[in-house]
Amino acid sequence: MVRSQEPMRMTIGKLAAAGNVGVETIRYYQRRGILDTPRRSEGARRYGNEDVRRLLFIRQAQTAGFTLEEIKELLDLDSGQDRERARNLARNRIDALDARIAELQRAREALQRLVGECATDKSGPCPILASFDL
């Protein structure tokens, strides 16, 4: 069904609930240009299934670590069928996630080492607390 033929029946509150976000999040996405702001009908703006689909896409892309700018580009690509650009954005996100995972693994290893030192060295300040000391 074409969006103009789609029944617009949800209020912004119901759209927010469907996406598990707050109303202000919907408005923020609208200001950023990644969610449409429908015209008022009978005194209120009404949203449809396509709006829910788009909101859920935004939330899933955020969970994957995409920025709002990248999400806007992905949404724009959706209508343009530019698979190469979508793949490049995804590869860049994978690279960034891999770097973050490596960073978190180093932090985990350092904490594990400190836990071991804290358990064996019973004198002086706790090595865990001392490592975070200014």
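This is a predicted model: local features need pLDDT of at least 70, side-chain atom pairs count only at pLDDT 80 or more; totals for chains, interfaces and linings use all residues.
Residues are numbered from 1 along each chain as its sequence is written, and side-chain values use heavy atoms, with hydrogens and water left out.

Now step back to the overall layout. The protein has six helices and two strands, and from the N terminus on they run α-α-β-β-α-α-α-α. These are DSSP runs numbered from the N terminus: H or I of at least four residues for helices, E of at least two for strands. Of the contacts with a separation of 6 or more, 52% join residues 24 or more positions apart, a contact being heavy atoms within 4.5 Å. The accessible surface comes to about 9,500 Å², with 52% of it on carbon and sulfur atoms; areas come from the Shrake-Rupley method with a 1.4 Å probe, and for residues only the protein chains shown count as cover.

What's inside? Buried residues make up 24% of the 134 residues, where buried means under 20% relative accessible area, exposed over 50%, and partly exposed in between (1.4 Å probe, protein chains only). In soluble globular proteins, nonpolar side chains tend to be buried together. Here the largest nonpolar core has 21 residues, and those with the most contacts inside it are Ile26, Tyr29, Leu55, Ile58 and Ile71. Helices H1 (12–18), H2 (23–32), H3 (49–63) and H4 (68–80) each supply at least two residues of this core, and the largest share, five residues, comes from H4. A core of this kind is a set of buried Ala, Val, Leu, Ile, Met, Phe, Trp, Tyr and Cys residues joined through side-chain atoms within 4.5 Å. Leaving aside residues up to four places away in sequence, Ile71 touches Phe57, Ile58, Ala61, Gln62 and Phe66.

The expected span is 1.5 Å times one less than the number of residues. For the 15 residues of H3 that gives 21 Å, and the end C-alpha atoms are 21 Å apart, which agrees. H3 buries Asp51, Val52, Arg54, Leu55, Ile58 and Ala61, and just after this helix Gly65 takes a positive phi of about 100°. Helix H5 (residues 83–120) has 38 residues and should span 56 Å; its end C-alpha atoms are 55 Å apart, which agrees. In H5, Leu89, Arg93 and Leu114 are buried.

On to the aromatics. Rings of Phe, Tyr and Trp (its six-membered ring) pair if their centres lie within 6.5 Å, with planes under 30 degrees apart called stacked, over 60 edge-to-face and the rest tilted. The count is one aromatic pair: the rings of Tyr28 and Tyr29 have centres 6.4 Å apart and planes at 50°, so the pair is tilted. Tyr28 is partly exposed at 34% relative accessible area, whereas Tyr29 is buried at 3%.

Finally, two loops. Most residues other than glycine have a negative phi. Asn20, in the loop between H1 and H2, has a positive phi near 55° and counts as exposed at 68% relative accessibility. Tyr47, in the loop between strand E2 (44–45) and H3, is buried, with a relative accessible area of 1%.
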